[in-house]
Every structure is written in C-alpha cells, then in structure tokens.
Amino acid sequence: MAAAQHLDHLENVVSSGYSYRLLEGWVMPPEITDQSLSFSRNLPTRPTDICFVSYPKSGTTWLAFILVLLTGKKKDSLENSYVWPESDRTFQGTAEDLAQLDDPRLFKSHMPYHMALGSPARSPCRYIYIARNPKDVCTSYYHFERNQSWSGFFDGGWDRWFEMFVTGKVQRGNWFDHVLSWWEKRHQENVVFVKYEDLQKNFDSELRRIANFLHIEVEDAKINEIRDTVSFSKMKADKFSSLANQEGHSGLFRKGKVGSWREQFTAKQTEVFDSMYWDRMANTGLSFDFE
C-alpha cells in the first residue's frame, strides 16, 4: 500500500491524484482559502441564524432539507435555499449581500468547531451538528470523492483511501477530531448534536428535538409531511434535493443505510478501525450504531 503523503508545511498540493489545501493544520478542499475561511469565521451572525454543520457524508443534505421545510425557506432548489460561505466555489457574494437576507438565514458548514461560520464560541447563531458512524462515512466519502474535480480526480483505490481516512489526510481532516470538537460543546446553549442513526430510527422525536432547539412549534401533521418529503427514495429522485444539476453530484445519494461499510471494509481494516475507534472514543460518552 502506498504511504499517504506527509502534510507538514504544505500549502496547496496534489498527492497522487488527491487535491487539498492545508489550513491551520487541517486538510481542506483547495477552494477553501485563507480569505474565504476568514470571511466565514468572522461573519456577523444573528440570534435567528441557523447553521447546520457536519463532517462530509454524514447526512448533511438530509438535514438541510429538513431545516428548509421546518423554516419555510424553500426556494427553487435545495442548494439555493441556504448559503455556504466558507468556499470560494459555493459563495462569491459579500457580507452586505448576506445582511440583506430575510430571517432566519440558513447556513452550511463542514468545519470543526473552532473554524465554523461565525465562530460558535461567541456567536448568537444556533448550530446543529449531525454526525454519522465513521465506517459508513469513510465508505460513502470514498465513493463521493472518486474521480471528482474537487478531489483532483482521485482514484487511488479503496486501500489507499482507507489509509488516508484513518490518518486524517482527506479533505476536512480527521473524523475523530472533527466530531469530538462539536461533541465537547454539545451542552452550549447554541449547539445541538444529532446522530444520523438516531434520526433514521426515531425520526419524529429527533425532529421535535431539533424544532424545540430552534423554538419552532411543529404539529403532528407537519412532522408527517416532512418525514414523507425527506425519505431517501424521494430525495434521490427529486431534482430539488438531489443536486443532480451540479457537476459531480450525480452520486450524492448512494445507499443512505446504516451498515453499508460491511460491503467495503476487509476484516483487517475492520480490526484496525475498531481499535482506533475504541481508543479515541473512550471516556467521551459518545457512541454510534454501526448496524
């Protein structure tokens, strides 16, 4: 297996077909620049703002659609119903443009806690972080990144991807560091932590928890409507939510089920990952369902 390239002192590199930029020690997509990160991090926020955050391939689009329906912010497409300011590729506007948006403003971020939009430690914005079990994330992320322009058309194979993922050398960095940065802040008044698997198993109660956090009253009929609208099959088929018109997003929805990692991980990789998982998650109080 080829060794993943060392990241020390790198600014903008292409490593064996995998592109990334190193910012503050974190591996980021090349379109995340010092300027765009600073803009997002220092964006003035309001108490009515909502920012949904995740490590990639953790249910972000699912949560986005739920929030769009909860807040009544649905526009012509899902990606136009919220703003993602941290990337030069996804936002070319100004702070003045954002200041003109009606409340509640919906924002997206894929950053760890200390790098997220508005700087959560001092922001009145409300942050909803969704996390998914890391084996399914690793698997889904591999299929999403392969042969895409933003990843340098990476096709180094699954074994190399696995090595890069467990060492934190994929875009958005180390999964454990990312997720735990938000888990440790879960008791803050402006943060709620949601698990993908819980949302699948207990959709109604988790939706109510999210709505209560946002101070939104939601009746049973609305919950039923949202549950039906955001089902995996409907989102995958719906042009509004599938992002099918965006370059490289035809594979955005793959399977969406818990446990698909079993189709990808070898027995040795499972052993390696399990050892790392129990070591990193020990004494955190955080656990995930893998089946």
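The model is predicted, and its 4-stranded open sheet has the order β5-β4-β6-β7 with parallel pairing. Across the structure there are 14 salt bridges, among them the pair formed by the side chains of Lys135 and Asp274.

**Sheet**
- Strands β5 (106-109) and β7 (191-195) stand at the edges, and because each has a single partner strand, one side of each is left without a neighbour in the sheet.
- From one strand to the next, the twist averages 20 degrees.

- Helix α8 (residues 203-213) lies across β6 and β7 and runs at about 165 degrees to β7.

**Salt bridges**
- Lys135 and Asp274 meet through their side chains at 2.6 Å, N to O, and this pair links helix α4 (residues 134-145) to helix α12 (residues 267-281) across a separation of 139 residues.
- Lys135 counts as buried at 4% relative accessibility, whereas Asp274 counts as partly exposed at 26%.
- Arg280 forms a salt bridge with Asp177, with the closest N and O atoms 2.7 Å apart; Arg280 lies in helix α12 and Asp177 in helix α6, 103 residues apart.
- Arg280 is partly exposed at 29% relative accessibility, and Asp177 is partly exposed at 34%.
- The side chains of Arg146 and Asp155 also meet in a salt bridge (3.4 Å, N to O).

Technical notes: Residues numbered from 1 in each chain as written. Predicted model: local features only at pLDDT ≥ 70, side-chain atom pairs only at ≥ 80, totals over all residues. Heavy atoms only, no water. Pairing = 2+ DSSP bridges. Helix = DSSP H or I, 4+ residues; strand = E, 2+ residues; numbered from the N terminus. Axes fitted to C-alpha atoms, helices over the stretch in contact; angles between N-to-C directions. Contact = heavy atoms within 4.5 Å. Salt bridge = Lys/Arg side-chain N within 4 Å of Asp/Glu carboxyl O. Buried < 20%, exposed > 50% of the residue type's maximum accessible area, 1.4 Å probe, protein only.
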